[in-house]
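Reader: I have a chain open and want to go through its geometry. Shall we take it one point at a time?

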Amino acid sequence: MLRTWVEGIDAIRARDPAARSRLEVVLCYPGLHAIAFHRLAHKLWHWGLRLPARLLSHIARMLTGIEIHPGARIGRRIVIDHGDGVVIGETAELGDDILIYHQVTLGGTSLVGGKRHPTIGNGVILGAGAKVLGPIMLGDGARVGANAVVVSDVPAGATVVGIPARQVDRRPAGADLLPYGTPCDEALDPGLKSAELLRQQIASLSARLAVLEEERLRERGGAAEAAAEAGRTGAGQR
């Protein structure tokens, strides 16, 4: 238990340059507090003490602004940065070394019992405001951009952005940590890239059409001039 605590503290220090000491992390990081509350509430939940578990989870939510259902399964070295507004549902499953920013929701899309919430692989980054909905799977090392809405599986190592989330085919080489899950690069959204490609194609076709129109006018002018010359020649012969 102590080892898990120390790992969690060191994980925060590794991901947040503002964390200057272990003591500061213990005293000032609500993400760490929320996970500590959850680990106790999770034990109560599996001991069959459902109401005390929910009550403890509710208290943790009031104190930290982070809501984690006691039934959720959370791995080791989870970092919830800033944390306010994070919601993790009952059947969510989180692996190890995950970075979660504020306003993230791991929610369900069904009112039927059973598995309703996402499964998050190891080393995933969930950007601020991201919504991951339904019993879907995010593969190891996946990145979810800020404010993305994910409703289908994400392959391992992929980066997704947008609403609904779509995979970005470009990622900075060797990027271990992608801030807020979002590559800071141009044309992140595949839709925007497609629109830009379409704009370029339209511009190219317009230029070709202008050249063809100019050639057609030139040919028409030449034909008219030849006809006029022929008319003058005929009149002279008469």
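Reader: At roughly what angle do the axes of helix α1 and helix α3 cross?

Author: This is a predicted model. Two packed helices are described by the angle between their axes and the distance between the axes. Helix α1 covers residues 2-15, and helix α3 covers residues 30-46. Their axes come within 11 Å and cross at roughly 155°.

Reader: Is α1 roughly parallel or antiparallel to α3?

Author: Angles over 145 degrees count as roughly antiparallel. The axes of α1 and α3 cross at roughly 155°. Therefore α1 is, relative to α3, roughly antiparallel.

Reader: Is the crossing of α1 and α3 left-handed or right-handed, and which residues make the contact?

Author: The crossing of α1 past α3 is right-handed. From α3 come Leu32, Ala36 and Arg39. From α1 come Thr4, Trp5, Gly8, Ile9 and Ile12.

Reader: How many residues in the contact of α1 with α3 are nonpolar?

Author: Gly counts as polar here, and Arg as charged. The contact has two polar residues and one charged. The nonpolar residues number five.

Reader: How many helices and strands does the chain have, and what share of its residues is buried?

Author: The chain has five helices and 15 strands. Its length is 238 residues. Buried means under 20% relative accessible area. The buried share is 39%.

Reader: What is the phi of Asp97, and is Asp97 buried or partly exposed?

Author: Most residues other than glycine have a negative phi. Asp97 is not a glycine, yet its phi is positive, about 60°. It sits in the loop between β5 (93-94) and β6 (99-100). With a relative accessible area of 28%, Asp97 is partly exposed.

Reader: Which loop holds Gln103, and what is its relative accessibility?

Author: Gln103 is not a glycine either, and its phi is positive, about 65°. Its loop runs between β6 and β7 (105-107). Gln103 counts as partly exposed, at a relative accessibility of 34%.

How values were computed
Residues are numbered from 1 along each chain as its sequence is written. This is a predicted model: local features need pLDDT of at least 70, side-chain atom pairs count only at pLDDT 80 or more; totals for chains, interfaces and linings use all residues. Side-chain values use heavy atoms; hydrogens and water are left out. Axes are lines fitted to C-alpha atoms, for helices over the stretch in contact, and angles run from 0 to 180 degrees between N-to-C directions. Helices (H or I, at least four residues) and strands (E, at least two) are DSSP runs, numbered from the N terminus. Angles under 35 degrees count as roughly parallel, over 145 as roughly antiparallel, 65 to 115 as roughly perpendicular and the rest as oblique. A crossing is left-handed if the near helix is turned anticlockwise from the far one by less than a right angle, and right-handed if clockwise. Contact means heavy atoms within 4.5 Å. Buried means under 20% relative accessible area, exposed over 50%, partly exposed in between (1.4 Å probe, protein chains only).
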